[in-house]
Amino acid sequence: MLVTAEEMLKKAVAGKYAVGQFNINNLEWTKAILLTAQELNSPVILGVSEGAGKYMTGYKTVVGMVKGMIEELNITVPVALHLDHGTYDGCLKCIEAGFSSIMFDGSHYPIDENIAKTTELVKICKEKNMSLEAEVGSIGGEEDGVIGAGECADPNECKSIADLGVTMLAAGIGNIHGKYPANWQGLSFETLAGVKELTGDMPLVLHGGTGIPADMIKKAISLGVAKINVNTECQLAFQEATRKYIEAGKDLEGKGFDPRKLLAPGFEAIKATVKEKMELFGSVGKA
């Protein structure tokens, strides 16, 4: 059964740990994340970008796959299915399809328009018992066609969005999607502390969790971050494990690759990556 992210994030804020959001792209990705969450007794959020949703043929297919896996694999830990960086129209489609959580990325709009659209979605999500993430200050880098300049959010604008009744807030603090460049200046903890001061117990979200040093992750959690997104790290792990398998020439005696065997190394690599992150975030045993 899918749940909203609200209860798991409230517990995370109180317990000073963070719940991991791991983006899914196919069956193997989803299965690896769910099994690892169950093994570690950790709550988990499955993130779906609009591009990944389209690749998997649509949001209803994603909902059916995830719900089926939860039942067939006997997953008992809390699982939220969350739209990542959603447009307004994308949010409405995921609400209709049966997602339990959505993110509306209105960071590229003027703040008044971001507030107006977020307000409409707050009302719908409350009626549907769904959790809603909003964003202020775009996240740097590019992920699945979503490009941000890496702005630091205005804490006052964050308060304006938080006061609308959203479940969680993603505030740009110098974090970026994808790999971090060598000249990256690090997270702006001054900005994060300012946002925390004005938003109180609102669970804060850190996007671009790949490549952020462990000490920065832990400091961010101490300042109110309760949800951390990881995508690129899983992609890189899957890619490398699959590449090694192919280069080893294991072609089943010239009969071609068995897709189940071809994808198995990547499956195990994702499990290892998710385990490492859940341990770092402190969510192990918190289901």
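Which residue forms a salt bridge with lysine 227? The close-ups below begin with that pair.

**Close-up 1. Lysine 227 pairs with glutamate 133 in a salt bridge.** Their closest N and O atoms are 2.8 Å apart. A salt bridge here means a side-chain nitrogen of Lys or Arg within 4 Å of a carboxyl oxygen of Asp or Glu. Lysine 227 sits in strand β10 (residues 225-230) and glutamate 133 in strand β5 (residues 131-136), so the pair ties together parts 94 residues apart in sequence. Helices (H or I, at least four residues) and strands (E, at least two) are DSSP runs, numbered from the N terminus. Both lysine 227 and glutamate 133 are buried. Buried means under 20% relative accessible area, exposed over 50%, and partly exposed in between (1.4 Å probe, protein chains only).

**Close-up 2. Aspartate 163 forms a salt bridge with lysine 159.** The closest N and O atoms lie 3.1 Å apart. Aspartate 163 is exposed, at 54% relative accessible area. Lysine 159 is partly exposed, at 32%.

**Close-up 3. Glu240, Arg243 and Glu247 are linked in a network of salt bridges.** Arginine 243 meets glutamate 240 at 2.4 Å, N to O. Both lie in helix α10 (residues 232-247), 3 residues apart, about one turn of the helix. Arginine 243 is partly exposed, at 34% relative accessible area. Glutamate 240 is also partly exposed, at 30%.

**All close-ups.** The whole structure holds 10 salt bridges. This is a predicted model: local features need pLDDT of at least 70, side-chain atom pairs count only at pLDDT 80 or more, and totals for chains, interfaces and linings use all residues. Residues are numbered from 1 along each chain as its sequence is written, and side-chain values use heavy atoms, leaving out hydrogens and water.
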